[in-house]
Amino acid sequence: TLNAGDLLRFVPAANYNGAATALSANLIESGQTITSGAVLNLTGATGGSMHISTAAVALSETVTAVNDAPVLSSHAVTIAYTENGAAQALLAAVSISDADAPAGFAGGAITVNLAGAIAGDELRLVGGSVTLSGSNILVGGTTIGAISAGSLSGGQTGVTISLNGNATPAAVNSVMKSLRRK
């Protein structure tokens, strides 16, 4: 007989969401002996005076997606900066990814603070297609967010950029790679 603790499980691949694979089962009356883990051939063994139902019952399950946090690649960096030298990239080889594959990071933010900063140190945005227009951050001419705290000029050592729906993973990667310490 089946034990009360026997379970039927759907074990999907990591980050799976949506409808589970279709499954149907026949009902078994008490009194029918079935061994846990055994395969039962139902050919000619259902309905009428048999202990197994003729009709199958459809079982279904839907796996609801969860919002996985974005992941920043490993970014341990030592910057050799010479006073009054050129601005140094903070995260030149960094990349951000998200298992949910969002079209954009609307509502998200990039926050950077220079640890151990001294007078004269500052954060800058330098290079590529990333530009600053007032408090707006643009990538390829498209606004992907705005500075909501701190600054990227005038001796500031911390900044928070609030992202909008145009902040695609590629655009956010571009901004991260354009951040410099001066």
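This is a predicted model: local features need pLDDT of at least 70, side-chain atom pairs count only at pLDDT 80 or more; totals for chains, interfaces and linings use all residues.

Colleague: Which residues is valine 175 in contact with, leaving aside neighbours within four places in sequence?

Modeller: They are Ile110, Leu125, Val130, Ile137, Val139, Ile144 and Ile161.

Colleague: And which residues touch the most other members of the largest nonpolar core?

Modeller: Ile137 and Val175 do, in a core of 25 residues. Such a core is a set of buried Ala, Val, Leu, Ile, Met, Phe, Trp, Tyr and Cys residues joined through side-chain atoms within 4.5 Å; buried means under 20% relative accessible area, exposed over 50%, partly exposed in between, with a 1.4 Å probe and protein chains only.

Colleague: Which element gives the most to this core?

Modeller: H1 does, with 4 residues. Helices (H or I, at least four residues) and strands (E, at least two) are DSSP runs, numbered from the N terminus.

Colleague: Turning to strands, how many bridges join E8 and E13?

Modeller: E8 and strand E13 (residues 158-163) pair in the antiparallel sense over 5 bridges; pairing requires that DSSP find at least two bridges between the strands. Serine 162 in E13 is the bridge partner of alanine 109.

Colleague: Which face of E8 is covered?

Modeller: The face with Ile110 and Val112 is covered, while Ala109, Thr111 and Asn113 form the uncovered one.

Note on methods: Residues are numbered from 1 along each chain as its sequence is written. Side-chain values use heavy atoms; hydrogens and water are left out. Contact means heavy atoms within 4.5 Å.
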